[in-house]
Amino acid sequence: SNATAKRQAAEQAKAEADAKKEAADEAQDKLSQGAVAYFGDKGASQAVKVLTDPTVTEYLDAIHNGAKGDATTLDNMIEALKFIQEANQLRAKEGLQPLKVSDTLMAQAMADADYANNNVNHPLQFPASENLAWGYTDPFNGWYDTEKSMYEKDMSDGVLDCKASDGKPVKPCAYGHYTTLVNTDFTLTGFGVSQNGNITGIGGNTHSQLFTENANGIGSDAGRIMDVDAYLTDLTAYRDSLTGADAAYQTALAKSKQAAQDASAAAKALAAAQ
């Protein structure tokens, strides 16, 4: 009786371990796809096309879906959402409403960040306003801190004319990233970050943030539109469920091995008794 029970328990444990392995293999496959798998599972078909369809994205060869350091990894996607949270904090300081996140804009920003790894210019492959940065740990140090200072210096005489109140020229007279970030018309955004920058003398991080006034401004299906905190919670739970699948398989595998050993011991005991 004991041997039979142990054998049945071992068979059940093995079946459970096999199922966990299948789930772990599927999870690993999705992790290797990165954002494409996430968008696909969330029904964001246009976002998937942005990252996979050459008829949608002009510089598709710059994207390496799920590869280390690419903007499309789930870890970099999470990092990008944290930058959107920072953007909203800066907008709040200016008395502005927070930007919401669009699936399609997220995918487009990833595509542009990957393009920027090897190009110091705007790709202009999507109908949205864009801020790009190369080599920054935090792009808002340039987009907001530095450029706001230049903007306020220029506006010290009440006119944007690249001159301060004392008549001296403001150099450099460049604050377009700042004015884009605090544009009152924009309501939607997407963000991409990559560590694969390959520009000589810069390298390192590239950042892209896209902005548009409304879903119609994206020029295609916007996908889901969510508050950034809710989006980050959803994506983090998705990634954690995938990374946890292998741990669940390893636990089930250890349980299966122990059950097999118990069944073997019980079978030997039965043989000895017989």
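Which residue does a disulfide join to C162, and what is the S to S distance?

Author: The disulfide joins C162 to C173, with an S to S distance of 1.9 Å. The term stands for a pair of cysteine sulfur atoms within 2.5 Å, and the structure holds 1 disulfide. Before going on, note that this is a predicted model, in which local features need pLDDT of at least 70, side-chain atom pairs count only at pLDDT 80 or more, and totals for chains, interfaces and linings use all residues. Residues are numbered from 1 along each chain as its sequence is written, and side-chain values use heavy atoms, with hydrogens and water left out.

Back to your cysteines. The angle about the S-S bond is -80°, and the link of C162 and C173 is left-handed. Both C162 and C173 sit in the loop between α6 and α7 (176-181), 11 residues apart. Those labels follow DSSP runs, numbered from the N terminus: helices are H or I with at least four residues, strands E with at least two. C162 has a relative accessibility of 31%, so it counts as partly exposed. C173, at 30%, is partly exposed too. The scale calls a residue buried under 20% relative accessible area, exposed over 50% and partly exposed in between, using a 1.4 Å probe and protein chains only.

In it, E152 and K148 form a salt bridge with 3.8 Å from N to O; the term needs a side-chain nitrogen of Lys or Arg within 4 Å of a carboxyl oxygen of Asp or Glu. The general idea is that side chains of opposite charge can pair when their charged atoms come close. E152 and K148 are 4 residues apart, about one turn of the helix. E152 has a relative accessible area of 46%, so it is partly exposed.

The whole structure has 13 aromatic pairs. For F83 and F140, the ring centres are 6.3 Å apart and the planes meet at 50°, so the pair is tilted. F83 belongs to helix α4 (residues 74-93) and F140 to helix α6 (residues 140-154), so this pair links distant parts of the chain, 57 residues apart. Rings of Phe, Tyr and Trp (its six-membered ring) pair if their centres lie within 6.5 Å; planes under 30 degrees apart count as stacked, over 60 as edge-to-face and the rest as tilted. Both partners are buried: F83 has a relative accessible area of 6%, and F140 has 1%.

The largest one has 51 residues, and F39, L51, M77, L81, M106, F140 and Y231 touch the most other members. Several elements supply at least two residues each, including α4, α6, β3 (188-197) and α8 (228-273). Helix α4 gives the most, with 9 residues. There is also a second, separate core of 6 residues, among them L105, L188, I218 and A222.

Let's finish with Y231, which lies in helix α8. At 0% relative accessibility, Y231 counts as buried. Leaving aside neighbours within four places in sequence, its contacts (heavy atoms within 4.5 Å) include M77, D103, M106 and R224. Y231 also forms one aromatic cluster with Y38, F39 and Y238. R224 lies over the face of Y231, 5.0 Å from the ring centre; for this, NZ of Lys or CZ of Arg must be within 6 Å of the centre and within 35 degrees of the ring normal.

D103 is in helix α5 (residues 103-116) and R224 in the loop between β4 (204-212) and β5 (225-226), 121 residues apart. D103 is buried, with 0% relative accessibility.

Note on methods. A nonpolar core is a set of buried Ala, Val, Leu, Ile, Met, Phe, Trp, Tyr and Cys residues joined through side-chain atoms within 4.5 Å.
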